[in-house]
Amino acid sequence: MAGFYINQHVLNNLFYILVTVFAFSFLYDHSRAAQRRPFYGRALLGVCLALAAVLCMKFPIYIDPICVHDFRQIPFLLGTLYGGGGLGAVLFVVLMLARTILYGFQPLTFIVYAIMFAITAAVSPLFRKLPRTSKLMMSLGLTFLLAVVVTFVAILIADFPVTKPYIVYFILLPPFVTMFAVYVMETLLEAQCARAELIKMEKMEIVSQIAASISHEIRNPLTVVKGFIQLLQTGRLPRETEERYIRIALEELERAETIIRDYLTFAKPAPKEMEPIDVAAQLQKVLQMITPMARMHSIDVFSSLEHGVVIGNVQYFQQCFLNLLKNSIEAMPNGGTLRVAVQNRETSIVITISDNGIGMTKEQVRRFGEPYFSTKEKGTGLGAMVAVKIIEQMGGTWEIESAVQKGTTLTITLPASRVQPPTAGRSAAG
Ligand code: ADP
Ligand code: MG
């Protein structure tokens, strides 16, 4: 029985609806404007569904003297449910115009769709707030109820003959098609949301990883300090014990300070803006900052900095190179030479940092950038991780060449930008 009713024309109508729903989803996915401005999103939905409705009308399921039978009400209901009364009104006008142009004006059609429009527009705000399963149920029920209501209206005012095919194609089948279309729509929108969320998370990753590592790392020394202060509070300790506890507490506080320095020398709570960075100028600033430390260890610093611009966050950029340069200096406890070079290769900016310090084993090179990997007694193992994350965030790559007791060369390649950075000098603290 069903096989008899589900013919080529029905499948064609179904095809128009599904194709336009997919088309909407793909276009929406690729259009930033549609994602940012709800109006554009709705307009896109409107165009797609209007096309579906017109195609359904143009190639209907069947035509009898009074009525053209097709699934046009389904895109119309979808549009009104998802887009609200405004979009519904536009689709209503398109529907009426198309109907008039294709088959002539029919007052009954006008009344039928006006009723559908009014009721659907009224429930649309509720619909959009519902969870997925309720949306499916509601679209099923609404399509069915509307069909029944308008059929009674049609019988009342025009003595409309209700035939078997009419019951199947207008009352029984459409609720399921609408529900299926809502299901497809929800699945596609959900996938879209999940992707957007993922992209946002990737962007936030560095910020949240830093935050997570800090709170984790700082809690330990603070817990120790708290414990010793509580012990001191009892006040019944021998003098040397007191002094020992105070020394430990101070050491732990120093450790917390070091951790903060590895991460947040410059960072304001959430510096997220990306901007053009004058590589040479910013590296020069970092070099100035490390100069006292280099002198202390009798390290000679040479730099050759070509002009180049990359896109990133200035504070992160400084933090990144401060961490890397500090590691180089720490690798040369008995003095040495630190070389920093910037080469502008048109499409990329290549920054090399080389030292002739203690170097790294293959295993150490492999673990470079791994959180908490440190070979130093008081190391945090966070500096390189932060630096690597920042390089990756800027779309860059890095490479290490190292030989034990010979030294290490770090090559960082960042995509070059043509945008000019602001000329006004920024302070190290941004
Ligand atoms: P930390 O400096 O606190 O140890 P980092 O994450 O900055 O932590 O560095 C991780 C490890 O990588 C260091 O402990 C060191 O073993 C190694 N390393 C980093 N840079 C160099 C370098 N220039 N020369 C030798 N070893 C290095
Ligand atoms: Mg370090």
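Reader: Among contacts in the protein between residues at least 6 apart in sequence, what share joins residues at least 24 apart?
Author: A contact here means heavy atoms within 4.5 Å. In this predicted model, 74% of the contacts between residues at least 6 apart in sequence join residues at least 24 apart. Some ground rules: residues are numbered from 1 along each chain as its sequence is written, chains are lettered from A and ligands numbered from 1 in the order in which they are written, and side-chain values use heavy atoms, with hydrogens and water left out. Since the model is predicted, local features need pLDDT of at least 70 and side-chain atom pairs count only at pLDDT 80 or more, while totals for chains, interfaces and linings use all residues.

Reader: How many helices and strands does the protein have?
Author: Helices (H or I, at least four residues) and strands (E, at least two) are DSSP runs, numbered from the N terminus. Here you get 13 helices and nine strands. The radius of gyration (over C-alpha atoms) is set against a globule rule of 2.2 Å times the number of residues to the power 0.38. It comes to 34 Å, well over the 22 Å that the rule gives for 430 residues, so the protein is more spread out than a compact globule. The C-alpha trace spans about 105 × 65 × 40 Å along its principal axes.

Reader: What percentage of the 430 residues is buried?
Author: Buried means under 20% relative accessible area, exposed over 50%, and partly exposed in between (1.4 Å probe, protein chains only). Buried residues make up 43% here. Take Thr151, in helix 7 (residues 132-158): at 6% relative accessibility, Thr151 counts as buried. Leaving out residues up to four places away in sequence, Thr151 touches Val162, Tyr166, Phe170 and Ile171.

Reader: And how do I read the aromatic pairs?
Author: You describe a pair of aromatic rings by the distance of the centres and the angle of the planes. Rings of Phe, Tyr and Trp (its six-membered ring) pair if their centres lie within 6.5 Å; planes under 30 degrees apart are stacked, over 60 edge-to-face, and the rest tilted. The whole structure has 18 such pairs. Phe76 and Phe92 sit 6.4 Å apart by ring centres with planes at 35°, so that pair is tilted. Both residues, Phe76 and Phe92, are buried.

Reader: Which kind of pair do Phe92 and Phe117 form?
Author: A stacked one, 6.0 Å centre to centre with 15° between the planes. Phe92 lies in helix 5 (residues 73-103) and Phe117 in helix 6 (residues 107-129), so the pair ties together parts that are 25 residues apart in sequence. Ring pairs link Phe76, Phe92, Phe105, Phe110, Tyr113 and Phe117 into a cluster.
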